[in-house]
Amino acid sequence: MTTVRVPYKQIRGKVQPIIPIGMKLGETWKRFEAYVDSGATYTLIQAQQIDPAFLDFRTGERVAIQVGSGSTIAVYLHQIQLQLGTELLTCPVGISDQLGIRLNVLGKAGIFDRFHVCFRQSQRSLLFEKIEVTGEDSSG
C-alpha cells in the first residue's frame, strides 16, 4: 500500500495542515500549497496563481460554491492532473478569482475517495494511504 506522509506547515505563527501539491497546466507542472480541508468538496485554487498562458480558467464548468460565510462564489471546474507526494491523479479542481482567503484548498473530490486521509494532529502531519481496489466494490 502506498503511503504519503506530509508534515504540516507553520503559517502566521501556527502549524496548519498545509501541504505542497503539483498541478499540471498544459505541459508544465506548477507547485502550489493547499490547506487540506475535509469539509471542502473541491480543491480550490486562486485564479491569480494560474498563468492564463497555460489555462484560461473561465473555460471550465461554472458552478456556485457556498463558502464558510454562507455566501456563494463562482468557481470554474477543470479535470486537472495533480501530484500528491509520488502519486499522480486526475480530479476536479475549481479555480476562482473570488476566494476570500489567501490559501488554496485541497478538498475531497477525487482525493478522499482514493486515499484514507488521517490528520495526525499530535505529530503535526497528514497521512495519505492509497486505497487499493481489488476488483470488488470496496465502498461498503
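**Note on a predicted all-strand chain**

1. Arginine 12 sits in the loop between S2 and strand S3 (14-16). Arginine 12 is not a glycine, yet its phi is positive, at about 50 degrees. Most residues other than glycine have a negative phi. With a relative accessible area of 60%, arginine 12 is exposed, since the cut-off for that class is over 50%.

2. A positive phi is also found at arginine 124, again in a residue other than glycine, with a value near 50 degrees. Arginine 124 belongs to the loop between strand S11 (115-120) and strand S12 (125-130).

3. On the overall fold: the protein chain has 12 strands and 0 helices. Read from the N terminus, the order of elements is β-β-β-β-β-β-β-β-β-β-β-β. The radius of gyration is 15 Å, close to the 14 Å that the globule rule gives for 140 residues, so the chain is as compact as a globular protein of that length. Along the principal axes, the C-alpha atoms fill a box of roughly 40 × 35 × 30 Å.

4. Taking contacts between residues at least 6 apart in sequence, 53% join residues at least 24 apart. The chain exposes about 8,200 Å², and 46% of that area is supplied by carbon and sulfur atoms.

5. On charge: there are 15 positive and 13 negative side chains in the protein chain. The centres of the two sets lie 11 Å apart.

6. Which class of accessibility does glutamine 10 fall into? Glutamine 10 counts as exposed, because its relative accessibility is 55% and the class begins over 50%. The residue is part of strand S2 (residues 9-11). Between the C-alpha atoms of glutamine 10 and valine 133 there are 35 Å, with 123 residues separating the two along the chain.

7. Glutamine 16 is placed in strand S3. Its relative accessibility is 22%, so glutamine 16 counts as partly exposed. Leaving out residues up to four places away in sequence, glutamine 16 touches Tyr8, Lys9, Ile11 and Tyr35. Serine 125 is 109 residues from glutamine 16 in sequence, and their C-alpha atoms are 8.8 Å apart in space.

8. Glutamine 46 belongs to strand S6 (residues 43-46). Its relative accessible area is 12%, so glutamine 46 is buried, the limit for that class being under 20%. Neighbours within four places in sequence aside, glutamine 46 is in contact with Ile95, Ser96, Leu99, Ile101, Arg102, Leu103 and Asn104.

9. How many residues separate glutamine 98 and glutamine 46 in sequence, and how far apart are they in space? The sequence separation is 52 residues, and the distance is 7.8 Å from C-alpha to C-alpha. Glutamine 98 lies in the loop between strand S9 (87-96) and strand S10 (104-106). At 40% relative accessibility, glutamine 98 is partly exposed, whereas glutamine 46 is buried. With neighbours within four places in sequence left aside, the contacts of glutamine 98 are Ile73 and Ala74.

10. Histidine 78 is part of strand S8 (residues 72-84). Because its relative accessible area is 10%, histidine 78 is buried. Not counting residues up to four places away in sequence, histidine 78 touches Leu55, Asp56, Phe57, Thr59, Gly60, Cys91, Pro92, Val93 and Ile95. Arginine 120 is 42 residues from histidine 78 along the chain, and the C-alpha atoms of the two are separated by 30 Å. Ile95, one of the residues touched by histidine 78, is also among the contacts of glutamine 46.

11. On the cysteines: how many disulfides does a search of the whole structure find? The search finds 0. Cysteine 91, one of the residues touched by histidine 78, is buried, with a relative accessible area of 1%. Cysteine 118 has a relative accessible area of 35% and is therefore partly exposed.

Definitions and conventions. Residues numbered from 1 in each chain as written. Predicted model: local features only at pLDDT ≥ 70, side-chain atom pairs only at ≥ 80, totals over all residues. Heavy atoms only, no water. Helix = DSSP H or I, 4+ residues; strand = E, 2+ residues; numbered from the N terminus. Rg over C-alpha atoms; globule rule 2.2 N^0.38 Å. Contact = heavy atoms within 4.5 Å. Areas by Shrake-Rupley, 256 points an atom, 1.4 Å probe, with all protein chains shown as cover. Lys, Arg positive; Asp, Glu negative; His and termini not counted. Charge placed at Lys NZ, Arg CZ, Asp CG, Glu CD. Buried < 20%, exposed > 50% of the residue type's maximum accessible area, 1.4 Å probe, protein only. Disulfide = S-S within 2.5 Å.
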